[in-house]
Structure formats: structure tokens, C-alpha cells
Amino acid sequence: MKVAIIGAGIVGATAAYYLSKEADVEVTIFDEGVGQATKAAAGIICPWFARKRNKNWYKMARLGADFYQTLVADLQADGHDTSFYEQVGAVVIKSRQDFLEETLELALTRREESPLMGEVKLMSQKELDDRFEGISGFDNYLWASGAARLNGAGLVDTLLAASEVTVVPKKVGFERGTDGRYIIEGQIFDQIILACGAWLPFVLEEHGYKVAVRPQKGQIIDYQFDNFDTGPYPVIMPHGEGDIIPFRDGNLSVGASHEDKMGYDLTLDEEILAGLEAKALPFFRKITDADRKAYRVGIRAYTPNFAPFFGQVPEMAGIYAASGLGSSGLTTGPLIGRELVHLVMGTTGQLNPADHPIEPMVVRDAN
């Protein structure tokens, strides 16, 4: 079976990796390499404190966090470095004590079904100072030991290397052949996975579909320290856009922004970036000591109900799509990629596609 994947982000790369483990399956990935959300995302795997989404979304996010244990173990068994994912814990910051206590109560009700959460408790400023110098802003914090930081670009690169698939760096669409199969760049494929995020409308609209996916621009700041060991630090999660994610080797990221009216604009905005830094500074002033700064920008995909979807494209057998991951893409993306492989192979996954329906997000245009 020949399978094409359009999009080499977190969903497409995971799908490629697991399809490569199937016998008699040949995979080709097409990716233009522009605006990918995965490589411009703030890497936090900590879904247990989320309040705004529905039960199906939370179940997906919870299972997505758990799935990293499987994914990491599979890659390690194949001999690959998995330092892109590390459970370093998270410090959650709220503007009011009662918000903090409500969030703790919510987390404790969820911990039984999510043991990956680990130790969850309130931590005073003194307790925090004894463990991590420089985190500040409030008298109390919420600590979750099971939270993880994730280098999205590192994950995608590892998955693609492990899958050993051909990656064609080109923007493509597809045609339906007379025999029911599909044609991309002169190659014939039995099935196609559309994992192109916010660009899904461009791929499907030419086939007569309306796709309820909109772009959201996200910018992030990367700091580099020459003489500060960021590796042992946890993720710092203030309310809003200014998440602080320390990585190994003196690397630290702040972000990302959520810009809803910029379309597919990939231009760096100095005002937005300065605002991200200003929001993060009260909680971790050490970022002013950084030796270098760099910036990233990408485009997330959102749906009207802010929930991801996946499944077979209506009236198009052999074409599967996923999109709408939004800011939870690093958490839910690998699990969704694995679920798409189950659909391609006709096997049963962890999620019920009916809980995350592709309709009405992808609908054949009656006109």
C-alpha cells in the first residue's frame, strides 16, 4: 500500500513513524516547510489544569499526554535519542489565591485517571526558592511534578529520521485517478493523510469542500544563556501567553502569542515580541541576563468550537484529515497522528472518531 502524507508537522511525522512499522506500506511525505506550527510552539505537556474545553477534548488531551510515554519508549527501543521530551514538572501561577486553590481541586479530581500528573500541591515562595532560584511573583504556586517540556522541532526531526521516509519539500495538492486511487506529482497513492494544519482549506477547497478552519499566528522568543544552567528548571505557566519553558544547554523559550486577525502572515512583530517578554519578566527576571535572543513564528489551526477533529474526508474514500489542534497541538498531535494510522490500516485506536467528527468542519459545498 502506498500512502502519501501532506504535512510534516507533529501529526504527519507521527503518522509516518507508525506507518513505517507496518509491513508492505510505503510512505511519502510532502511538506512545503513554511509556517509549521510545531516548530514555532511553546513546548508544554500539562493538560490537567485546563478548564474551558469539553469532555471529549479533555479526554483527548489527557490520553495525548499519556501517549508520550508510549511514543518515547518506542523511539528509545529503535535506538533514538528522546531528550526532546523531559518530565521536569510545572509551576502554575494564578493571579488570585482562590483561583490557585480551585485549580488544585480540579487537578486532584483528575489525578486518579491521570497518574502521569504525579505530585500536585501548593508551594510557597520559600519552598520554591529552595528548589529553583529566580521564579517569583506570588506568595503561592501550584506544582505538578509530571508535567513535561517538549522540543517540537526535535520531536519531528526524530520521528522523520526514525521512519526513514522520503520527504518531498514541495507544496502539493492531489487528483483523483480513474481507478479510485490518487495522484500527487505524478505518483499514485492508495491513501492520503492530510496533516497540513491551517492549510487544510487550500488543499480541500479545490475539490469542492468548505473547511471551517482558521489560522492563528503564534510568535515565540528563544533565549540563550552561556553561563546559566537552565536544564533542571521546570516549566513556568503564568496565566496568559507568557509561558516560560527552560530547556537544556542554557536554552529557554517564552511564548507563544495568540494572534487571531493576522491570517497567514509570518512577519515577526517587534511589539508583540516585546509584550511577551514584558509578561514573562515579573515571573523570571533572569531572562534579562540572556546572552542572545532569536525568534520563531508559525500558524496554528483553529475550529469554531476550538476542538480538534480527524477522520475520513466525507465522500472521499481513502483520504483522511486532521486539523484544528490549536494551542494544544503538541499535546494532542502525536495521539491524533497514531489514530490516523489506525484509520488507514483499518484497526481500532484509543479514540472514537465520532467524538471528534470531521463533519461539520469539512463539508462538500452544495454549490
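Start with the largest nonpolar core of this predicted model. Select I5, L19 and L71: of the 69 residues in this core, these three touch the most other members. Next, highlight helix α2, residues 55–77, which gives the most to the core, with 11 residues.

Now zoom in on I5 and show its neighbours. Leaving aside residues up to four places away in sequence, I5 touches G12, A15, A16, L19, V27, T28, I29, F30, I193 and A195.

Your next stop is helix α3, residues 97–110. Its 14 residues reach 20 Å from the first C-alpha to the last, close to the 20 Å expected at 1.5 Å a residue. Colour L100, T103, L104, L106, A107 and R110, the buried residues of this helix. Then look down the axis of α3: the buried residues fall within an arc of 165 degrees, so they line one face of the helix. Turn to the other side of α3 to find E105 and T109, both exposed.

What covers the buried face? Show helix α2 along with strands β5 (90–92), β6 (120–124) and β7 (140–144), which are included in the cover over the buried residues of α3.

Finish at L106, which lies in helix α3. Draw a line from the C-alpha of L106 to that of F49, and you will span 6.9 Å in space between residues 57 apart in sequence.

Conventions:
Residues are numbered from 1 along each chain as its sequence is written. This is a predicted model: local features need pLDDT of at least 70, side-chain atom pairs count only at pLDDT 80 or more; totals for chains, interfaces and linings use all residues. Side-chain values use heavy atoms; hydrogens and water are left out. A nonpolar core is a set of buried Ala, Val, Leu, Ile, Met, Phe, Trp, Tyr and Cys residues joined through side-chain atoms within 4.5 Å. Buried means under 20% relative accessible area, exposed over 50%, partly exposed in between (1.4 Å probe, protein chains only). Helices (H or I, at least four residues) and strands (E, at least two) are DSSP runs, numbered from the N terminus. Contact means heavy atoms within 4.5 Å. The expected span of a helix is 1.5 Å times one less than its number of residues. The arc is that of the directions from the helix axis to the C-beta atoms.
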